[in-house]
Amino acid sequence: MLAPSRGKVLERALAGTNAAVTLPAFLVPAFQTAAPRRQFSNTSNRPSKLGRTPISIPPGVELTIGEPTVKRDPTTYLRIPKRTVTVTGPLGKLDLEVLPFLNISYDEASRRATLSIENSKIKQQMEMWGTTWAYLNRHIIGVSEGHTAILRLVGVGYRATVEERPRKAEYPGQKFVCLKLGFTHPVEEPVPFGMKASTPQPTRILLEGINREEVMSFAARIRRWRRPEPYKGKGIFVNDETIKLKQKKIK
């Protein structure tokens, strides 16, 4: 590509000549006008499919929206005003912190809650719209019906029982999930407060609780002792988890 001064001189020289002049191939890109850039998408912003869906509140569940309070964010250490939404039901009570740009309108007559945001052009607000809807819906289901997780123990000699360990208990009546997974010692996992664990079968563990995040976190803690392996298909499986078996390595 020519320098700016040399390019102008060449343009003037070509403009003064009436005869057709052919440029070398390596000079053609320098004299071509840049085409306008095409936009990636010209469609308008669409609202969140989940966020715009009203949430139906079953009978016996109460929704309380608190006033904004300034709290420090544990990630950014910024003081952000947040509101606390309290969901109360027959099985317990759960709290959910909502960011200031999210508005929750609760109609007690029709027993429906609708979420909206202030500006649909801001990416963070669009992301948190559907996420907050999912959290609130899980809390409502948790206090009315509860969440469950079923763990399957697949392996020779794998067994599970739920027993009490008064010396290790962190609160009165705490139970422990005792696992026999082929180690030289049994594995004991304490059941978190507010959660129930039972063994309908020696190779099945049933976890029940109102907070889905705590239920699945406790299931992951149990699963990490024997993750499913792809050669024999042994391990601890959570809910409908499956694994694709591989062929054995032949030397």
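Colleague: What volume does the largest pocket have?
Modeller: This is a predicted model, and in it the largest pocket comes out at about 280 Å³.

Colleague: Which residues are closest to its centre?
Modeller: Those are Lys82, Glu97, Val98, Leu99 and Met128, out of 13 residues that line the largest pocket.

Colleague: And which element gives the most to that lining?
Modeller: Helix 3 does, with four residues. Strand 4 (79-89) and strand 5 (92-98) also supply at least two residues each, as does helix 3 (123-144).

Colleague: How does the lining of the largest pocket divide by residue type?
Modeller: Seven of its residues are nonpolar, three are polar and three are charged.

Colleague: OK, what about the second largest pocket, how much space lies there?
Modeller: About 200 Å³. Its lining has two nonpolar, five polar and three charged residues.

Colleague: Which residues line the second largest pocket?
Modeller: Leu91, Glu145, Gly146, His147, Thr148, Gly194, Lys196, Glu208, Gly209 and Ile210. Strand 8 (147-154) and strand 13 (204-209) are the elements that give two or more residues to this lining.

Colleague: Switching to the backbone: what is phi of Arg111?
Modeller: Phi of Arg111 is near 55°, a positive value in a residue that isn't glycine. Arg111 sits in the loop between strand 6 (102-107) and strand 7 (112-117).

Colleague: Where is Asn239, and what is its phi?
Modeller: Asn239 lies in the segment after strand 14 (235-238), and its phi is near 55°, again positive in a non-glycine residue. Asn239 is partly exposed, at 30% relative accessibility.

Note on methods: Residues numbered from 1 in each chain as written. Predicted model: local features only at pLDDT ≥ 70, side-chain atom pairs only at ≥ 80, totals over all residues. Heavy atoms only, no water. 1 Å grid on protein atoms, 1.4 Å probe; cavity = no way out; pocket = protein on both sides within 12 Å on 5 of 7 lines; lining within 4 Å. Points joined across faces, edges and corners; volume = space filled by probe spheres on them. Nonpolar A, V, L, I, M, F, W, Y, C, P; charged D, E, K, R; others polar. Buried < 20%, exposed > 50% of the residue type's maximum accessible area, 1.4 Å probe, protein only.
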